[in-house]
Each structure stands twice: as structure tokens, then as C-alpha cells.
Amino acid sequence: MRLTIIIPAHNEEATIGQVVDKVFRVDLVPRLGLGLLSRWEKEVIVINDGSSDSTKSILSHISPKVDGRTQMAILHHEKNLGKGAAIQTGLKRASGDYVIIQDADAEYDPSDIPNLLSLIANQKNQIAVFGKRGYKAYPERGFHYVIGAWMLTTFYNILYHQNLTDLYTGYKLIPTLVFKSLNIQSKGFEFEAEVACKLAKRGVIIKEIPIHYQPRNKNQGKHIRFKDAVKGFWKILILRF
């Protein structure tokens with residue numbers, strides 16, 4: 001089995017190097033339950049989404065690595081197109097059995113990826129696995145992000161008859177053939193809503209598992225804004241009706 005890890009990056013000079021290194025080093029052996037015991041191969045695809053800082057320069061010093069179980073490619077957008085657009089670029093190159101998105105901001109810990117893989121072991125039906133963030137990790141000044149994520153998730157659950165707890169999590173593990181067939185159109189952060197909506201409409205089972213999460217705030221470079229929440233609500237609504 002092979003896992004494609006797509007890393008969209010825009011102005012992440014402070015963290016892109018360590019994130020790529022952690023992703024490359026993580027050992028993809030599912031650890032929970034009986035699951036699959038064999039080690040997965042990795043395909044790592046980094047997309048520099050028109051960064052204006054030194055992200056591109058840092059990536060230029062990371063030689064595309066290839067070893068017995070890992071292949072890596074680095075792609076570039078000439079201008080910033082958005083997270084969803086970057087993921088679409090990576091998805092076109094994906095050749096793994098499953099795809100997972102790894103944000104380049106170090107909020108998500110690649111050591112959690114094997115646990116997500118554990119939930120797809122021995123499944124007769126194709127499922128998606130979302131990483132459930134621990135909101136207690138948020139500092140008080142970041143609580144509005146928690147409220148926004150909760151409202152979006154609740155709105156989604158009502159309209160799509162689901163029972164998710166974290167719609168806007170960055171960790172989404174999806175079968176590659178299913179992912180490619182969703183025909184994702186979103187260019188920005190509303191991508192998170194579109195993927196979940198289309199999975200639900202397709203009848204794909206979505207499971208969740210707790211993950212580690214170290215949030216950052218606007219001053220630390222967090223990109224998502226109020227307008228992105230508005231776009232998310234609209235995307236959930238129009239895809240339903």
C-alpha cells in the first residue's frame with residue numbers, strides 16, 4: 001500500500017523545513033488495534049503556493065528524496081492560488097492508494113498519521129478518516145476559531161445528517177480514486193467543507209480519531225479569516241441544495 005502526503009505551503013518559511021523532515025521520517029506502520037502490520041510506502045508532494053517569503057528558497061535546498069519506501073516531489077505555483085488549488089495540483093500527481101493532507105505550519109504532528117491509517121485496516125468498504133483536534137489546546141485569544149469551527153461542523157451535520165465533531169480539520173485521509181472523482185472546485189479554505197459535503201453525498205463513511213494539535217494565531221501566521229468561514233457556510237449550503 002502507498003500513501004500520498006500532499007503538503008500545500010504558502011509563506012511558511014519558519015516551519016516548512018521541519019514539517020517536510022518529519023513527514024519524511026515518520027514510519028507508516030499502523031499502531032492501533034490489530035490493523036495492518038506492514039509498513040506503507042510514502043509519496044510526498046510539496047506545493048509551494050506562490051510564497052513571497054523564503055519558502056521557495058528553503059524548498060530549493062531540499063533535494064527531492066527517493067529511497068526504498070519514499071518518493072518526493074516539489075511543485076511550484078507562480079502566484080498564490082489558495083490551499084484548495086494547491087491540493088488540486090498535488091492530487092493530479094498522486095499515485096498512492098490513499099491521500100492525506102499535511103499542513104506546512106507545524107500545527108499537525110505527522111506522528112499521528114499511522115493512527116489514521118489504522119482505522120482503514122480490514123475495512124470492506126472505502127472510508128475516509130478525519131483527525132479530530134483537541135480544542136483545549138487553543139489559547140483563550142484563539143477561542144473564536146473554536147466557535148467558528150463548531151458552527152461550521154454543526155451546520156454541516158444538520159444538512160448532511162452526519163455526526164462529525166471537526167469538519168475543518170486539516171488531516172483528512174481519503175481513498176485516492178474517491179478523492180479524484182469528487183471534482184473539487186474550491187480554491188481556498190472552503191475546500192475543507194466541499195470535500196466533506198461531497199463525501200457525505202457519495203455515501204462514503206467518515207470516521208474520526210483524536211490527534212495532537214498545536215494551534216497558532218494570526219500574529220504567528222495563521223491564514224484563515226472570518227471571510228473563509230462565510231465561504232464555508234455558503235459552500236455547505238449550495239452543495240446540499
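Tyr156 and Tyr160 are both buried in this predicted model, where buried denotes under 20% relative accessible area, exposed over 50% and partly exposed the range in between (1.4 Å probe, protein chains only). The two tyrosines belong to helix 5 (residues 143-160) and stand four residues apart, about one turn of the helix; helices (H or I, at least four residues) and strands (E, at least two) are DSSP runs numbered from the N terminus. Residue numbers start from 1 along each chain as its sequence is written. Local features were required to have pLDDT of at least 70 and side-chain atom pairs pLDDT 80 or more, while totals for chains, interfaces and linings use all residues, and side-chain values rest on heavy atoms, with hydrogens and water left out.

A pair of aromatic rings is described by the distance of the centres and the angle of the planes. Six aromatic pairs are present in the structure. Among them, Tyr156 and Tyr160 are stacked, at 5.2 Å centre to centre and 20° between the planes. Rings of Phe, Tyr and Trp (its six-membered ring) pair if their centres lie within 6.5 Å, and planes under 30 degrees apart count as stacked, over 60 as edge-to-face and the rest as tilted. Phe179 and Phe191 form another stacked pair, with 6.3 Å centre to centre and 25° between the planes. This pair links distant parts of the chain, 12 residues apart: Phe179 lies in helix 6 (residues 176-181) and Phe191 in helix 7 (residues 191-202). Phe179 is buried, with a relative accessible area of 1%, and Phe191 is buried at 2%. Ring pairs also join Tyr108, Tyr171 and Tyr213 into a cluster.

Arg133 lies over the face of Tyr213, at 5.1 Å from the ring centre, and Lys42 over that of Phe24, at 5.8 Å. The criterion places NZ of Lys or CZ of Arg within 6 Å of the ring centre and within 35 degrees of the ring normal.

Seven strands form an open sheet in the order 3-2-1-4-6-5-7, with mixed pairing; two strands pair if DSSP finds at least two bridges between them. Strand 3 (70-77) and strand 7 (205-210) stand at the edges with a single partner strand each, so one side of each is left without a neighbour in the sheet. Strand 1 (residues 2-9) and strand 2 (residues 41-49) run parallel and are joined by eight bridges. Ile5 has Val44 of strand 2 as its bridge partner.
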